[in-house]
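Let's take a walk through this structure together, starting with its covalent cross-links and moving on to its charged pairs. Have the viewer open as you read.

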Amino acid sequence: MKVSATIMLTACLAVDAFAPNTLSAPKCTQLAMQDNTNENNISMKSAFASAMLGLVVSSASVFGGPAAFADDSVQYDGFAEYAKENKMEQSDVGCFVKKCGDQTKALFSNPRGIKGVTCLGRCKGEQACATRCFAEFGSEDLNNWLSCTIEENECVKVPKNVDNSAENVGYKTAIRKFDPKSLIGTWYKTDGLNPNYDKFDCQTNTFTASAPDSSEVDMGIFFRVKRPEEAGGGFWENSLTEHMVVDSVLSDTAPGERTMHTEGKMYGLQFDENWYIIGESDGKGEVPPFVLVAYKGHTLQGNYEGSFVYSKEPKLPEAAIPAVREAAAKAGLNWDDYFRIDNTCPVGEPLNDSQAGTGTSTTDWIDLVVGEGGVIDWISPGWRGEYKK
């Protein structure tokens, strides 16, 4: 089947499945087989899932079979660096069906799912963009599909040699005797250093002990993700929970060793993150309470690092700034590089809607299949020739 025929048939089936009244004759069956019969009484969701799976299978003959893995002699920081250098490789088409068929069908049975995939495809590894995609279209189906196709089975090719050693290079000024009980309660994240991970509005973290000596804590995370003004403005609200292990509970650690760490899965992909407490005040003196955290981590996206400040107030008190600045400088960080996090939290209804993206026009469906970041881009990255430049 030619590419154009596959695309046209898939887009048409998608429209027929979810919006049968928006497309005039000829119908999809006429396009595919010139068959006007309507003997199959398939549900709308099953029709679209079948269409997507059919696209994956038929594309194997159009784009070729499984691709070779990346050159193992080259090390990459992660997927973002790999993609940036135009090293994207063709996906293993059969893998989507053979190894992740259930996850693919579940995701593509709802237009919200495919819109999430398309949104992520357009981000090309950029973290802040991906966060907005998950805020608008995130679901367990999307998480499960990403986990299966990217991390567990590598249907979408990723670099094999990933150098994540940077996350273990710590800060010699990290507090060597840290009491994790001082974290228990709710803190505002007031200032940050990495715009991809810290620059979100209305950030609070709430710590609760999950072990008697607070050697393990659960961290409740709340933040808002802005929708760009040109897209209508507003915000989505996100709530997550991470489990953290305190590596040293009231005992000395060697210089440079991490204070605590967390690992797990977020948005379907594995992450590891080390925290270093490089400054703090208990608020008993003239300096208001604060905790200055530096972090280093790794995901398939690549290595990342940054720093942020916790305060008991939405805005870091002026009286605490000299102490924070000094602690940052001792760790080799410049306080002037930090940005203020907006914790004013204006009143308004969040955009969160579990039904967002479930309605789609004919034009939308065609774009979701052949547009930037669409289905074809996931199946055969670079099919337009952009990686041959």
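What is the handedness of the link of C95 and C155 about the S-S bond? With a value of -55° about that bond, the link is left-handed. The pair itself is a disulfide with an S to S distance of 1.9 Å. C95 lies in helix 5 (residues 93-98) and C155 in the loop between helix 9 and strand 1, so the link ties together parts that are 60 residues apart in sequence. Both C95 and C155 are buried. Do keep in mind that you are looking at a predicted model, and that a search of the whole structure finds 4 disulfides, of which we will visit some.

Before going on, here is the overall setting. The protein chain has 389 residues, and buried residues make up 48% of them. The chain contains 13 helices and 9 strands. Among its contacts with a separation of 6 or more, 65% are between residues 24 or more positions apart. The accessible surface of the chain comes to about 18600 Å², and carbon and sulfur atoms account for 50% of that surface.

Back to the cysteines. C100 and C148 form another disulfide, with their sulfur atoms 2.0 Å apart. Here C100 sits in the loop between helix 5 and helix 6 (101-108), while C148 belongs to helix 9, so this pair ties together parts that are 48 residues apart in sequence. The link of C100 and C148 is left-handed, with -95° about the S-S bond, and C100 and C148 are both buried.

While you are at helix 9 (residues 140-152), have a look at S147, which is part of that helix. S147 counts as buried because its relative accessibility is 6%, where the cut-off for buried is under 20%. Its side chain makes a polar contact of 2.6 Å with the side chain of E152.

The next disulfide joins C119 and C133, whose sulfur atoms are 2.0 Å apart. The torsion about this S-S bond is about -80°, so the disulfide is left-handed. C119 lies in helix 7 and C133 in helix 8 (residues 127-137), so the link ties together parts 14 residues apart in sequence. C119 has a relative accessible area of 19% and is buried, and C133 is buried too, at 2%.

Helix 7 deserves a moment of its own. How far apart are the end C-alpha atoms of helix 7 (residues 111-123)? They are 19 Å apart, which agrees with the 18 Å that its 13 residues should span at 1.5 Å a residue. Helix 7 is also mostly covered, with 12 of its 13 residues buried. Among the buried ones are P111, I114, V117, L120 and C123.

Now for the charged pairs. Side chains of opposite charge can pair when their charged atoms come close. A search of the whole structure finds 6 salt bridges. In one of them, the side chains of R340 and D191 meet at 3.2 Å, N to O. R340 lies in strand 9 (residues 339-340) and D191 in strand 1, so the pair ties together parts that are 149 residues apart in sequence. R340 is partly exposed, with a relative accessible area of 40%, whereas D191 counts as buried at 3% relative accessibility.

Strand 1 (residues 185-192) also holds G192, which is buried with a relative accessible area of 0%. Leaving aside residues up to four places away in sequence, G192 touches several others, including S307, F308, D337 and F339. The C-alpha atoms of G192 and D337 are separated by 8.7 Å, although the two residues are 145 apart along the chain. G185 lies in strand 1 as well.

Another salt bridge joins D201 to K226, the closest N and O atoms being 3.6 Å apart. D201 is in strand 2 (residues 201-209) and K226 in strand 3 (residues 216-226), 25 residues apart. D201 counts as buried at 17% relative accessibility, while K226 counts as exposed at 53%.

Notes:
Residues are numbered from 1 along each chain as its sequence is written. This is a predicted model: local features need pLDDT of at least 70, side-chain atom pairs count only at pLDDT 80 or more; totals for chains, interfaces and linings use all residues. Side-chain values use heavy atoms; hydrogens and water are left out. Helices (H or I, at least four residues) and strands (E, at least two) are DSSP runs, numbered from the N terminus. Buried means under 20% relative accessible area, exposed over 50%, partly exposed in between (1.4 Å probe, protein chains only). Contact means heavy atoms within 4.5 Å. A polar contact is a pair of N or O atoms within 3.5 Å; within protein, one must be able to donate a hydrogen and the other to accept it, and residues adjacent in sequence count only if both atoms are side-chain atoms. Accessible areas come from the Shrake-Rupley method with a 1.4 Å probe; for residues, only the protein chains shown count as cover. The expected span of a helix is 1.5 Å times one less than its number of residues. A disulfide is a pair of cysteine sulfur atoms within 2.5 Å. A salt bridge is a side-chain nitrogen of Lys or Arg within 4 Å of a carboxyl oxygen of Asp or Glu.
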